Amino acid sequence: MKFVVCLKLCFLLSFVCDAQTFESSAQLRPVPKDGYYQLLLGPSIAAHLQESFQDIRIYDSKGKEVPYLLMSEAAVATGESFREYPIKEQTIIDKCCTRLIFSTPQRPKINNLALVIKNAEVRKKAKLSGSDDAVSWYIIKDNFDLESIYHSANTSEIKMLDFPMSDYAFYKLDIDDSLNPPLNIKKIGFYDNWQEQGKYLTLPMPKITQRDSSDKRSYVYINFPSFAVIDQLKFKIRGPHIYRREASFYSVSQMKGKEILTPIDNITLRSNQHNEIKVPGLYMKAFCLVIENLDNSPVMVNEVKALQLSHKLLVYLDSQEKFTLKFGSKDVGIPQYDLEYFRDSIPTNLPDVSLGPIEEASMIKNPAQAPDFFRSTTWIWLAIAAIILLLGFMSYKMISEMKEKETKL
């Protein structure tokens with residue numbers, strides 16, 4: 001019986017110690033209807049988080065954990081999109097040919113076309129012409145083959161046509177149909193490769209201290225209010241009308257009272273360019289920029305702007321429920337939700353949900369794991385001490401009783 005009591009006490013002790021703790025919390029504003037929403041993690045939240053943004057949880061009013069997806073902006077996003085050209089004329093001439101006339105309103109320089117064609121295993125001859133007014137036509141590519149136009153999984157296939165670089169306003173494609181029926185051409189256009197810069201958030205301004213040394217170097221210390229994930233730094237510099245200086249960028253840390261500089265990257269500061277450096281996902285609080293002045297007068301770093309790529313949570317919210325965001329913890333790992341497997345099925349361009357005021361706390365408990373009684377650190381330590389004393393006393397009693405029995409025997 002006493003052994004069972006000890007097990008129960010050990011379980012209670014582990015329960016108290018394992019309760020997840022969070023530094024801060026904020027209430028999600030009510031939403032007008034059920035559905036998916038996006039919650040932007042601004043700098044005030046990100047400043048509390050671990051480098052991987054893993055210490056975030058959302059709870060409903062019953063303390064139940066609500067799944068979410070973390071979406072992080074890429075520094076540069078690339079992709080490919082199909083741009084369709086308007087077809088002005090599509091004529092099928094019996095026992096002759098199919099004629100398509102299409103326009104390129106912006107008259108771009110192009111050297112290829114994409115035809116979306118219903119599946120057909122066939123070979124046909126074709127020619128491509130160009131015109132500036134859709135009246136006078138000039139040959140671009142003559143007597144080329146269209147063949148084996150089918151897709152094993154879809155009912156349509158994309159056929160790419162390459163030709164000499166052209167910038168006509170109109171194009172005419174003639175396809176020979178004299179030997180067999182015409183092709184079913186659905187669309188004509190081109191694939192455009194695009195590139196988009198990521199969206200950044202501005203972090204709180206750091207404190208800047210500059211020391212110009214006799215070794216012909218300037219040491220610029222950059223200290224932020226707290227640790228943060230930084231993806232880009234921009235420097236505003238005052239100096240001569242023209243300047244070009246080599247500089248080294250270091251992270252600053254302390255070890256046994258000594259300053260440790262760890263090299264990150266090199267940068268060339270110039271008067272005729274934007275002075276910036278990309279440091280993807282760098283999790284730091286203090287930096288040092290060492291500028292090589294040589295025999296020149298020192299330049300002055302007046303301002304440092306730190307940028308962080310945008311991060312947001314995608315979460316399904318019930319309009320009749322209240323939700324709490326808890327964040328900032330050393331005790332939690334990366335959450336694993338089924339929602340991750342359905343990432344592609346969540347709509348894009350979701351409405352935003354905002355947060356109420358952030359509440360700071362030395363210890364905010366996960367409501368799903370710890371009752372209100374244990375929310376105070378004082379009660380936790382008192383409970384741990386009491387349990388340890390009780391376990392020690394019971395162990396002593398059990399050993400004493402065992403010795404008494406051995407003596408009697």
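Reader: Does Ser310 count as buried or exposed, and at what relative accessibility?
Author: The model is a predicted one, and the answer rests on the cut-off that a residue under 20% relative accessible area is taken as buried. Because its value falls under that cut-off, Ser310 counts as buried, with a relative accessibility of 12%.

Reader: In what order do the three strands of the open sheet with β21 stand?
Author: The pairing in this sheet is antiparallel, and five bridges join β4 to β21, with Leu69 standing opposite Leu314 of β21. Since β2 and β4 each have a single partner strand, they stand at the edges, and one side of each is left without a neighbour in the sheet. Neighbouring strands are turned against each other by 25 degrees on average, direction ignored. The order is therefore the one with β2 and β4 at the edges, namely β2-β21-β4.

Reader: Which element gives the most to the largest nonpolar core?
Author: This core has 29 residues, and those with the most contacts inside it are Ile56, Ile58, Leu313, Leu317 and Leu325. At least two residues each come from β2 (35–40), α2 (43–46), β3 (56–60), β4 (68–72), β21 and β22 (323–327). With four residues, the element that gives the most is β21.

Reader: What is the bridge partner of Val116 in β13?
Author: Strands of a sheet pair through backbone hydrogen bonds, in either a parallel or an antiparallel way. Here β8 (residues 110–118) and β13 (residues 185–197) run antiparallel and are joined by four bridges. In β13, the partner of Val116 is Lys187.

Reader: Why is the pair of Phe235 and Phe249 described as it is, and what is that description?
Author: A pair of aromatic rings is described by the distance of the centres and the angle of the planes. Phe235 in strand β16 (residues 217–238) and Phe249 in strand β17 (residues 244–255) are 14 residues apart, so that the pair links distant parts of the chain; Phe235 is buried at 7% relative accessibility, and Phe249 is buried with a relative accessible area of 1%. Planes over 60 degrees apart fall into one class; because the ring centres are 6.3 Å apart and the planes stand at 70 degrees, the pair is edge-to-face.

Reader: How far from the ring centre of Tyr219 is the charged end of Arg211?
Author: Two cases of a charge placed over a ring can be set side by side. In one, the charged end of Lys141 sits over the ring of Phe144, 5.2 Å from its centre. In the other, the charged end of Arg211 sits over the ring of Tyr219, and its distance from the centre is 4.7 Å.

Reader: What share of the contacts in the chain with a separation of 6 or more comes from residues 24 or more positions apart?
Author: The chain has three helices and 23 strands, and buried residues make up 39% of its 409 residues. Among contacts with a separation of 6 or more, the share from residues 24 or more positions apart is 80%.

Note on methods:
Residues numbered from 1 in each chain as written. Predicted model: local features only at pLDDT ≥ 70, side-chain atom pairs only at ≥ 80, totals over all residues. Heavy atoms only, no water. Buried < 20%, exposed > 50% of the residue type's maximum accessible area, 1.4 Å probe, protein only. Core = buried A, V, L, I, M, F, W, Y, C linked by side-chain atoms within 4.5 Å. Pairing = 2+ DSSP bridges. Phe/Tyr/Trp six-rings, centres within 6.5 Å; stacked < 30°, edge-to-face > 60°. Lys NZ or Arg CZ within 6 Å of the ring centre and 35° of its normal. Axes fitted to C-alpha atoms, helices over the stretch in contact; angles between N-to-C directions. Contact = heavy atoms within 4.5 Å.
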